[in-house]
Structures are given as C-alpha cells and as structure tokens.
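Let's take a walk through this structure together, one part at a time. Keep the sequence and the 3D view open as you read.

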Amino acid sequence: MGHFQEFEDEYLETLFDFHEKCPGERVRNGALAKYLSVSPASTTEMIQRLATNGYVEYVPYKGALLTEKGLERGQMIKRRHRLTEVLLELLPFDGDVHETACRLEHAFDDDLEVCISILLGNPKFDPSGKAIPPPRDIIAEKISQRSDIKSAFNLKEGESGEIILILSTSSDQQVLNTLGITSGSIISNSNGLQFNNFNIDMSDEMSKRIIVRS
C-alpha cells in the first residue's frame, strides 16, 4: 500500500470517529485539521481528493460527510485498528498500543483480518471498551467458515479443543509447561476448563491467550 493511500485512510478513519459520535453530521475541515494535527490547507486538499474519489460528500464552508463507500472504508480501517489493539494487549508488548495499532492497521489485507478475527474469537470490544465495528459480509462469511478455531475462553460447555497457539509471556509459558499444557494438548470445558480430567485454575485473560482447534 502506498503512503498516499495510508494518508487517505487516516482521514477516512478520523471521519468515521466523528461519525460514531455524531452520525450524519458534517465535519468541518478545521476540526479535521486540529484532530490530525495538520494544516487546514492540506486537509482541504485531501478532502477534495476524497470527494473526487467518491469517499466523501464535500460542501465548502460546511464540511465533509462520508458517502456509503467512504463509510465502509472508514469502518474497515477502524475495525482493523481496534482488532490490533486487542491483539497487542494479549501479547507481551510494552510499547504504545495505540500508536503501534495506527501503523499496523495499514498492513492488513482481508486474509489477515480474517485470521486475526478468528484467533481473537471475533471480539466485540477493544481494550478501552469501545465497540469494534462488525466485519464486512465477505469477512464475516470467511470467519463463520472457520468456527473451529477459537480461544480456550470461548469453549462452550462440553466442548474440547487441541491447543494450536499460546500467546503468553515467558513466565506464563513456564507455568503452563509445569502443568504439562503445551501446543498439542487437549483441554475441555466441563464446568470450567479442564486438562487431563482435572480442573485448571486459570484467569480469563490467560484462557483468551490460548488458541484451540475444536
């Protein structure tokens, strides 16, 4: 993806932020420029470009409004951003989650969005509690076709699964190794998580980091 496409997506994602707060209201260029910490002139130039490409409906001195095409694109970028934040919170990552998600969201394609959605159990909220926009129809269909992949946290009563991935810190890994829980192990949900027919005293956060194939 070119840098200019990334700039466009930043504007569309920002416009989607405004849309979430005030659906149907136009956003003035000055408000966008302030939000993005860029000059009003560059904002006007970008909004005009987005209007030409059919992403926004722009009325000078009144502001921009996302078209259906722009809304879909902005929502997609926002979904990928918030999914990335959920993933980074599960990893032993000590950097700035928001800033890193801003960079990584542009590296997504449809296949990676499907993969991350499945690994995370298609979460509904990001770490701050904000709703993660729903996937587009094509993504939702692909996710539904792989309902066998989920986190241990999402195992239903009576279900079991083979561990295929553990997203944990080294200390957590040591604890799991002590219990004999590794990739390839089978865990189940029978009135709580069990391994080798014994209940496992495991936090929800830890169980969310264990990915299984049911």
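**The sheet and its surroundings**

Start with the open sheet: six strands make it up, in the order S3-S8-S4-S5-S6-S7, and the pairing is antiparallel. At its edges sit strand S3 (149-151) and strand S7 (198-199), each of which pairs on one side only. What you're looking at is a predicted model, where local features need pLDDT of at least 70 and side-chain atom pairs count only at pLDDT 80 or more, while totals for chains, interfaces and linings use all residues. Residues are numbered from 1 along each chain as its sequence is written, and side-chain values use heavy atoms, with hydrogens and water left out.

A quick word on terms: helices (H or I, at least four residues) and strands (E, at least two) are DSSP runs numbered from the N terminus, and two strands pair if DSSP finds at least two bridges between them. Strands of a sheet pair through backbone hydrogen bonds, either parallel or antiparallel.

Now follow the pairings. Three bridges join S3 to strand S8 (residues 210-213), running antiparallel, and here isoleucine 149 has arginine 213 in S8 as its bridge partner. S8 also pairs with S4, again in the antiparallel sense, over four bridges; look there for isoleucine 163 opposite valine 212 in S8. Strand S4 (residues 160-166) then pairs with strand S5 (residues 186-189) over three antiparallel bridges, with glycine 161 partnered by isoleucine 187 in S5.

Zoom out for a moment. The protein chain has nine helices and eight strands, and its C-alpha trace spans about 70 × 35 × 30 Å along the principal axes. Of its 214 residues, 41% are buried (under 20% relative accessible area; exposed is over 50%, partly exposed in between, with a 1.4 Å probe and protein chains only).

Serine 37, in the loop between helix H2 (29-36) and helix H3 (40-52), has a phi near 55 degrees, a positive value in a residue other than glycine. Serine 37 counts as exposed because its relative accessibility is 67%. Asparagine 196 lies in the loop between strand S6 (193-195) and S7, and its phi is also a positive value, near 55 degrees. Which side of the cut-off does asparagine 196 fall on, buried or exposed? With a relative accessible area of 54%, asparagine 196 is exposed.
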